[in-house]
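Trainee: I am new to this structure and would like a close look at a single part of it. Could you take me through the open sheet and what surrounds it?

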Amino acid sequence: MEEFDSSRSELDEWLRAHALTSEARRTARTFVWHAGDLNVIAYYSLTAHLLQRADLPSAIGRDGPRQIPAVLLARLALDRSLHGLGLGGALLADALRRIVTATQTVAARFVTVDAIDDTAAHFYEHHGFRRIPDSLRLVQKLADIAAALES
């Protein structure tokens, strides 16, 4: 983990300093991709979350309960040596497949992510997430994700 460099120090430091603690406390699950020599080359973290219907655009949140269960994609990072190779989308797809499988047991209606910046927000929008106006929070319905992964 020490050699992992996503080009975002806050993501690198979270992996080194907090991933194991979060796992032990059961507040986030972190999944890593590694090279054959066990060097971490990518990771993502998932946790349970609640969205407030009032915080969602009406087109997304209408007819839902006041609090809507979701899965938060809390972190997603790829080593900078792999940037530009299309692996970010593959890493995201891996996370989304895992979420869809988990929500066959524990219900959730959305996947949400708080993008670290506008570049990251555009990445998620490219992959079907919708931005909450005036924020870096994005959401996507799990039903849409499941349908896309099936096709």
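Mentor: Happy to; we will start with the sheet and then move to the parts around it. Please keep in mind that this is a predicted model, where local features need pLDDT of at least 70, side-chain atom pairs count only at pLDDT 80 or more, and totals for chains, interfaces and linings use all residues. Residues are numbered from 1 along each chain as its sequence is written, and side-chain values use heavy atoms, with hydrogens and water left out.

The open sheet has 6 strands in the order β1-β2-β3-β4-β6-β5, with mixed pairing. Strands here are DSSP runs of E with at least two residues, and helices are runs of H or I with at least four, numbered from the N terminus. Two strands pair if DSSP finds at least two bridges between them. The edges are β1 and β5 (130-131), each pairing on one side only. Further in, β3 and β4 run parallel and are joined by 3 bridges; Ala70 stands opposite Phe110 in β4.

Now look at Leu73. The largest nonpolar core has 25 residues, and Leu73, Tyr124 and Phe129 touch the most other members. Such a core is a set of buried Ala, Val, Leu, Ile, Met, Phe, Trp, Tyr and Cys residues joined through side-chain atoms within 4.5 Å, where buried means under 20% relative accessible area, exposed over 50%, and partly exposed in between (1.4 Å probe, protein chains only). β2, β3, α3 (87-102), β4 (110-114), α4 (118-126) and α5 (142-150) each supply at least two residues of this core, and α3 gives the most, with 6 residues. Beyond its neighbours within four places in sequence, Leu73 is in contact (heavy atoms within 4.5 Å) with residues including Tyr44, Leu92, Val113 and Tyr124.

α5 lies across β4 and β6 (137-141), at about 65° to β6, with axes fitted to C-alpha atoms, for helices over the stretch in contact, and angles from 0 to 180 degrees between N-to-C directions.

Finally, turn to strand β5, where you find Arg131. Arg131 counts as partly exposed because its relative accessibility is 24%. Not counting residues up to four places away in sequence, Arg131 touches Asp118, Ala121, His122, Glu125, Leu136, Arg137 and Leu138.

Conventions
Contact means heavy atoms within 4.5 Å.
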